Amino acid sequence: MLLDLSKLLLEDGKTLETSTELEMQKLSFRMGVFPVIRKSPVSLMVVNTGNRRLEITGDVELTFQIPCARCLTPVEYAIPLHIERTVDMKLTEEEREKSEEESNFMEGEQLNPEALVRNELLVNWPIRVLCKEDCKGICSRCGANLNQGSCNCDSEPSDPRMAVIRDIFSKAKEV
C-alpha cells in the first residue's frame, strides 16, 4: 500500500500520522528467506518541514523465524524498529542516487511503507542468533544436535596432521 504525500507537500508544517498493516510475509535477501511470525502495524508520522523536505519517523516490531547459528534450530527473534529518515523531495531520482541518499521507499510523491521497513530491517538484521547462550551446536561428523544429547561419533580428529593443532589448543586451555 502506498501513502500519497502530495497534499502534505503543499503546506509547510503539515503533518500526516497514520498506522498501516504490513503485507510482508517473509524477508528474502542474500542471507536467506526468513518467515514473519508476528508483526505490529507500522505507525508513521510524516512532517513537511518546509522547502519540500520531509521528516519520516515510525515504529514497528516484527518477529522472524531465524535458524540458530550453531544448531540450526528455528528461533523466534523479535526486531523492534524505530525509523527516522529525511527526504529532500526537490532532488530528482538521479540526484538522489548521486548523493547516495537511500530513498527507494519513495515512488514519486508516494511513500511505500513496505520498502521503508525492509530497508530498516536490512540495516538492523542480527549478525547471529542463538537458541540459547550455551548452545552446543551440531556434530561436525553426523550432524546430530548436541543439545539433545551426545552422538556416538569419535571425538578425536581422524587426520593425524591435526594432532599438532589439537595439542596447541589443549596447552592453551591449561594456562
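Predicted model: local features only at pLDDT ≥ 70, side-chain atom pairs only at ≥ 80, totals over all residues.

Residues are numbered from 1 along each chain as its sequence is written, and side-chain values use heavy atoms, without hydrogens and water.

Rings. I searched the whole structure and found four aromatic pairs. Rings of Phe, Tyr and Trp (its six-membered ring) pair if their centres lie within 6.5 Å; planes under 30 degrees apart are stacked, over 60 edge-to-face, the rest tilted. I looked up Phe29 and Phe34: the pair is tilted, at 5.8 Å centre to centre and 40° between the planes. Phe29 and Trp125 are edge-to-face, because their planes stand at 80°, with the centres 5.4 Å apart. Phe29 lies in strand β3 (residues 26-29) and Trp125 in the loop between α2 (113-124) and α3 (163-174), so this pair ties together parts 96 residues apart in sequence. Helices (H or I, at least four residues) and strands (E, at least two) are DSSP runs, numbered from the N terminus. Ring pairs link Phe29, Phe34, Phe64 and Trp125 into a cluster.

Burial. I used these cut-offs: buried is under 20% relative accessible area, exposed over 50%, partly exposed in between (1.4 Å probe, protein chains only). Phe34 is buried at 7%, Trp125 is buried at 13%, and Phe29 is partly exposed at 21%.

Helix α2. I listed its buried residues, among them Leu116, Val117 and Leu121.
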